[in-house]
Amino acid sequence: MLQRPSTERTTAPAGAIDCDVHIAVPGMKALLPYMSQAWQEMIVSRGTDGLELASYPPGAPLSCRPDWRPATGKPGTDLAFLQRHALDAFGTRLAIATCLHGGQAVHSEDLAQTLCQAVNDWVVAEWLDREPRLRASIVVPTQSPTYAAREIERCADDKRFVQVQLLASGEMLLGRRYYWPIYEAAAKHDLPIGIHAGSAFRHAPTSNGWPSHFVQDYVGQTMGFEAQLLSLMGEGVFNHFPTLRVVLIESGVTWLPAFLWRAIKSWRGLRSETPWFTRSPAELVRQHVRLTMQPFDAPGTAEVERILEHIGGDEMLLFATDFPHWHFDGTQSLPPGLSPDLIRRLTIENPLATYPRLQETLS
């Protein structure tokens, strides 16, 4: 008699690689030591502090699970707390830290460069040097692709930086040639581009204007990811940078099959205007794009299996807890119904294949 697969979420195996944990700058004072004297004086005299991205209000329940919320301070600012709850609790071998910061959203290109450089140096000194299981994303000032490429070059020698971090919504679509210096620098150093949910709020986060509530903003992030994928394909980024990999971080997963179906159908009838767009959207996405697994919003076992079949998820999905964001309780971080072999692929083999520097720093 066949046994039905469990409908209960499962725990990742020991030695898993977590592709998205969040750390946060506690305040501007923490970054000042990593700036020039002139910038320190300017920021102090202006009284600039905080610079939280509005995409993740620290007090919102979704931004931090109740048992992962520290007694004092902002979520993601305490290394010991992260070690206990995000690394030790899951038996994590390696975790890629994401630091979302307003340096990627300020309007001044020079201030953006200063803040992003300070964030990266702060991440090295306060996190990577103190915890050997952590890796990190390079925070770059997309306000100036020239500055962003320089920051990639500056950080690339430190192999603990394993990807370049961009936001899902900014001033313009990411496929535009304006941003290509970023991809050129990333491809040169074999660094994936990690596009994380979040917005610089240059424009309304929905196609029909500004939402009234955070839930609308957060759920609507999917539209931003869809637009960026189409832009990267339609503008020819994957043709021009054939080795480039893109990781969609905290994008969700279940939207992708319907997106691909529509993109394929439309591409067949409209591709004459983009003669370089010679391969099917599904082929391009499966070759170049990966997605982290939180939030995973499929309701049950049958749906999980169907989604993985549609997107080729045995290679495309990357394990992530999204600590300290609230997408599951306890350590039940994986959707139901996955085989042991597939779990190993999602939690270990796929991350190692996506991020070459992980393997380099382990050997």
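A cavity, as I use the word here, is a set of grid points where a 1.4 Å probe fits but cannot get out. I keep that in mind for these entries, since the model I am reading is predicted.

**Entry 1: cavities**

I looked up how many cavities of 30 Å³ or more there are, and the count comes to 5. The largest cavity holds about 230 Å³ of space. I found 15 residues lining the largest cavity, and Ala24, Glu52, Tyr56, Pro75 and His325 are the closest to its centre. Sorted by class, that lining has 9 nonpolar, 4 polar and 2 charged residues.

Next I turned to the second largest cavity, with about 130 Å³ of space. Its lining has 14 residues, of which Gln104, Thr142, Gly170, Glu171 and Tyr179 are the closest to the centre. I sorted this lining too: 6 nonpolar, 6 polar and 2 charged residues. Which strand gives the largest share of the lining of the second largest cavity? I found strand β4 (residues 161–169), with 3 residues.

**Entry 2: helix α14**

I then checked the length of helix α14, which covers residues 340–354. At 1.5 Å a residue, its 15 residues should span 21 Å, and the end C-alpha atoms are 20 Å apart, so the two values agree. Where does α14 bend by about 40°? I traced the bend to Leu346.

Leu346 is also one of the buried residues of α14. Others I noted as buried in this helix include Leu342, Ile343, Thr347, Ile348 and Asn350. Further along α14, Pro351, Leu352 and Thr354 are buried as well.

Conventions. Residues numbered from 1 in each chain as written. Predicted model: local features only at pLDDT ≥ 70, side-chain atom pairs only at ≥ 80, totals over all residues. Heavy atoms only, no water. Helix = DSSP H or I, 4+ residues; strand = E, 2+ residues; numbered from the N terminus. Expected span 1.5 Å × (residues − 1). Bend = angle between axes of the 7 residues up to and from the residue. Buried < 20%, exposed > 50% of the residue type's maximum accessible area, 1.4 Å probe, protein only. 1 Å grid on protein atoms, 1.4 Å probe; cavity = no way out; pocket = protein on both sides within 12 Å on 5 of 7 lines; lining within 4 Å. Points joined across faces, edges and corners; volume = space filled by probe spheres on them. Nonpolar A, V, L, I, M, F, W, Y, C, P; charged D, E, K, R; others polar.
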